Amino acid sequence: MKSFRRELWFEIPQRRRLVNITGQVEEALRESGVSEGLCLANAMHISASVFVNDDEGGLHADFERWLEKLAPEKPHSQYQHNRGEDNADAHLKRTIMGREAVATVTAGKLDLGPWEQIFYGEFDGMRRKRVLVKIIGE
Amino acid sequence: MKSFRRELWFEIPQRRRLVNITGQVEEALRESGVSEGLCLANAMHISASVFVNDDEGGLHADFERWLEKLAPEKPHSQYQHNRGEDNADAHLKRTIMGREAVATVTAGKLDLGPWEQIFYGEFDGMRRKRVLVKIIGE
Amino acid sequence: MKSFRRELWFEIPQRRRLVNITGQVEEALRESGVSEGLCLANAMHISASVFVNDDEGGLHADFERWLEKLAPEKPHSQYQHNRGEDNADAHLKRTIMGREAVATVTAGKLDLGPWEQIFYGEFDGMRRKRVLVKIIGE
């Protein structure tokens, strides 16, 4: 069994942004030499997400508005976590978007559907944060 | 290490429906010959879901009403994604329900709890769409 | 390939509670002898969750209030599932929080970010329920 580990680092200059990381995960897969197996990508931070969806700007604007409706950032005082912190909403937003994606590796490639793209979802940016990519297989 | 791949195809005649696919995943597992490992089932489309829950009609009606409350289909004009598209709500609904389920394989069987059933959740039907099942192990 | 299976049992004396199970998952990992691979932890019940977030009491209070806003328990009569049952809201809450977490195993340890902790989320307690931990690798 082969095993490969890669960290992807981010420092997003705003509080929130969605970043397409499909190319970086594919590059890790090429380096891994794995041709059949599973590839896990997860945020290593609890106010960020890895998820799969469409790379379309209108949809990303819809996600921003929708997440603000379901888990609004302000007023900060509405959250008990926000004593010394101000990112409770980021924990909730990431819960909706999910922590991780598991993708299949087939014939040396990420086995994604035609519109599936892997994203890093930052909900509390302006600091260095990481995604972990782990690939196991043969 | 063994590796097995199967696509399940659907063409749901309505916009939304939940389909129990546990039997089809179990059949793939039997064909795989894997007795210990992991089984990933994921929607290959970003407006559909694979998730685990109860096969109970009242609950499914509750899911429908609840998802329409959290991410309503109409009016289409409320979403920026809906220029030429009308399925932004399906992307949001699938985000809540999740893209994928990872199940354990133990002694050649899906190692599910007593009420756990695997579902395909269609949120933008009336077209051919797929679920990917990948099983790895020994 | 090594494979290790462990059930964690719970009987929570209230309807809802979040329990940090990181230590129990780490203990299973030590017993498994796996040094490189994947670790899946999933609720075996469809009204409970396994998820990753922060072990901070204010945030847990925020989760409770937020889940009650998005999927309120009462009135029970608002849900079609609640005929003979009263736990439809628990199915919805668990859907938001997620069924499972997949963690990476690196050098014999759970490869978690600095604040990542694994939780069992009970949303319909006062009965015996289980989490399944499965570890595969080498």
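User: Where in chain B is Glu116(B) found?

Analyst: This is a predicted model, and in it Glu116(B) is found in the loop between β6 (109–110) and β7 (117–122) of chain B.

User: Why is Glu116(B) called buried?

Analyst: A residue counts as buried when its relative accessible area is under 20%. Glu116(B) has 1% relative accessibility, so Glu116(B) counts as buried.

User: What does the side chain of Glu116(B) make a polar contact with, and which residues does Glu116(B) touch?

Analyst: The side chain of Glu116(B) makes a polar contact with the side chain of Arg99(C), at 2.7 Å, and a polar atom of the Glu116(B) side chain also lies 2.8 Å from the backbone nitrogen of Gly113(B). Leaving aside residues up to four places away in sequence, Glu116(B) touches Val52(B) and Asn53(B) in chain B, and Asn42(C), Ala43(C), Met44(C), Ile46(C) and Arg99(C) in chain C.

User: What makes the pair of Arg99(A) and Glu116(C) a salt bridge?

Analyst: The cut-off for a salt bridge is 4 Å between a side-chain nitrogen of Lys or Arg and a carboxyl oxygen of Asp or Glu. The closest N and O atoms of Arg99(A) and Glu116(C) are 2.7 Å apart, so the pair meets the rule. Across the interface of chain A and chain C the rule finds 3 salt bridges, together with 16 residue pairs in polar contact.

User: Which elements of chain A supply the side that touches chain C?

Analyst: β1 (2–11), β3 (37–43), α3 (88–97), β5 (100–106) and β8 (128–137) of chain A each supply at least two residues, and α3(A) gives the most, with 6 residues. By class, this side of chain A has 16 nonpolar, 7 polar and 6 charged residues.

User: How many residues are in contact between chain A and chain C, and what area is buried there?

Analyst: On the chain A side 29 residues are in contact with 34 residues of chain C, and the area buried between the two chains is about 2600 Å², of which carbon and sulfur atoms give 58%.

User: Why are chain A and chain C described as related by a three-fold rotation axis?

Analyst: A rotation of 120° with 0.0 Å of shift along its axis superposes chain A on chain C, with an RMSD of 0.0 Å. The two copies are therefore related as by a three-fold rotation axis. In chain A, the C-alpha nearest the axis belongs to Ile96(A), 3.5 Å from it.

User: Are Glu122(B) and Lys129(B), which meet in a salt bridge, buried or exposed?

Analyst: Glu122(B) is buried, with a relative accessible area of 0%, and Lys129(B), at 1% relative accessibility, also counts as buried. The side chains of Glu122(B) and Lys129(B) meet at 2.7 Å, N to O.

User: What makes helix α3 of chain C largely enclosed?

Analyst: In helix α3 (residues 88–97) of chain C, 10 of the 10 residues are buried, so the helix is largely enclosed by the rest of the structure. The buried residues include Asp89(C) and Lys93(C), and these two belong to a network of salt bridges that also includes Arg16(C) and Glu64(C). The helix α3(C) is followed by Gly98(C), whose phi is positive, near 100°.

Definitions and conventions
Residues are numbered from 1 along each chain as its sequence is written. Chains are lettered from A and ligands numbered from 1 in the order in which they are written. This is a predicted model: local features need pLDDT of at least 70, side-chain atom pairs count only at pLDDT 80 or more; totals for chains, interfaces and linings use all residues. Side-chain values use heavy atoms; hydrogens and water are left out. Contact means heavy atoms within 4.5 Å. Buried area is the accessible area (1.4 Å probe) that two parts lose on being put together, summed over both. A polar contact is a pair of N or O atoms within 3.5 Å; within protein, one must be able to donate a hydrogen and the other to accept it, and residues adjacent in sequence count only if both atoms are side-chain atoms. Helices (H or I, at least four residues) and strands (E, at least two) are DSSP runs, numbered from the N terminus. Ala, Val, Leu, Ile, Met, Phe, Trp, Tyr, Cys and Pro count as nonpolar, Asp, Glu, Lys and Arg as charged, and the others, Gly among them, as polar. Copies are superposed by least squares on the C-alpha atoms of residues with pLDDT of at least 70 in both. Buried means under 20% relative accessible area, exposed over 50%, partly exposed in between (1.4 Å probe, protein chains only).
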